[in-house]
Amino acid sequence: LNPHGMRGSRFQVSLTSFLMLELVLGFSSNLTVLVLYCSQSNLVDSVSNMVTVNLHVLDIIVCVLCLPLTVVVLLLPVGRNLALLCCFHEACVTFASVATAINVLLISVDRYDISVRPASRLLTPRRAALLLAAVWTVSLGVFFLPFLEVELLSAPAEGEEQGGNEGGYHTELAGYYHLLLQVPVFFTTVVVMLATYSRILRALNIRIGSHMRKSQPTSPPPLSSAPLIGVDGAAGPVPATVGVHASVSAIIALRRAVRRHRDRRERQRRVFRMSLIIISTFLGCWAPISVVNVLILGLGPSDRLVRLRLCFLAMAYGTTIFHPLLYAFTRQKLRRALRARVKKRVVSLLQVDPAPSGTVIHNSWVEPRKGRKQRQEGSDATDRCLTDAVRE
């Protein structure tokens, strides 16, 4: 994995820089989301927020543990016995891939449950807690698979480096049997995601159609020219105000119905875009490494496939950056909490640091009404005089 020459050095520098960028962005974004969730108690008040927070905790673990270890493996020196380190790296990769797939699958099921069965949800808080415990149990269980397979299946010849080659990373098939678990988990998650989001879109279309049939806007009733029958049985002309009020009420109802229809259509398009982006992101990040895993299982590992797998592993780590954007910052409550926190921070900085020349800084966030009043009074002295005269 560490070939000599300029070409190998460029590969190492480029991939290491990319991994470090993912580490910084992924850790900072997920940590920001967790801080916002912890600071606002009303954010973690539903099953959806519970499974989302669980995904961000996993992403932070991946950024702290898996990403730095991949960088170390990428920069391994040549000619050392690195079987334990390579095995630990494979364990971390297995943990990251299986745990990410299961968490994304759980989020898809939760969105299906809340969209298709909003009245009688299957994922209650108790069941969600049990599912999350099962997710972590399975994720920690698959972490030990590479160690077990190396202990049970690997039988290196005497004098060879266990699990190593001249490049520092093992290319023995006995070190990759754990891929038999990663590949089915990935494809199962993709199938479940496609099924759940398609059902969500279908349910949304049916709901919009039923609402449109129930609240179909009606045209305003025509103004009748028939005489109005009074209480005493005498006929009289129709008051003009009755027809005007009926027409105005019908027009207002029609406008409200059109506005509701536009809002539903916009919500439908937004859900469709988000569903497409979520599925495409998961496929774009984890499909390449899954294909390489299938090739390794079918053709056997080689230096080229191992290097290609590291490149696609760096792509898979990109989900640590996309998950906060797709699952956290799309929520209105979290965006509002982030804006409030940033606003509070900026206001505190402006209040602590006065101007060096003693000039008073009028901040519209701190004193919006007072600042507006001062600007208005300072801009037009004539209006102020007129106001004082009226008061007197």
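Start by selecting Ser 290: this residue is buried, with a relative accessible area of 5% (buried means under 20%, with a 1.4 Å probe and protein chains only). Ser 290 sits in helix 7, residues 240-299 (helices are DSSP runs of H or I, at least four residues, numbered from the N terminus). The model is predicted, so local features need pLDDT of at least 70 and side-chain atom pairs 80 or more, while totals for chains, interfaces and linings use all residues. Residues are numbered from 1 along each chain as its sequence is written, and side-chain values use heavy atoms, without hydrogens or water.

Next, show Val 183 and Phe 186: Ser 290 is in contact with both, leaving aside neighbours within four places in sequence (contact means heavy atoms within 4.5 Å).

Which residues have the most contacts inside the largest nonpolar core? Select Leu 15, Leu 19, Met 193, Phe 282, Trp 286, Tyr 317 and Tyr 327, in a core of 46 residues. Such a core is a set of buried Ala, Val, Leu, Ile, Met, Phe, Trp, Tyr and Cys residues joined through side-chain atoms within 4.5 Å. Zoom to Leu 19 and, beyond four places in sequence, you will find contacts including Leu 67, Val 71 and Tyr 317. A second, separate core has nine residues, among them Leu 36 and Ile 60.

Finally, colour by pLDDT, the predictor's confidence in each residue from 0 to 100. The chain mean is 75; among its elements, helix 4 has the highest mean (92) and helix 12, residues 381-391, the lowest (45).

Methods. Helices (H or I, at least four residues) and strands (E, at least two) are DSSP runs, numbered from the N terminus. Buried means under 20% relative accessible area, exposed over 50%, partly exposed in between (1.4 Å probe, protein chains only).
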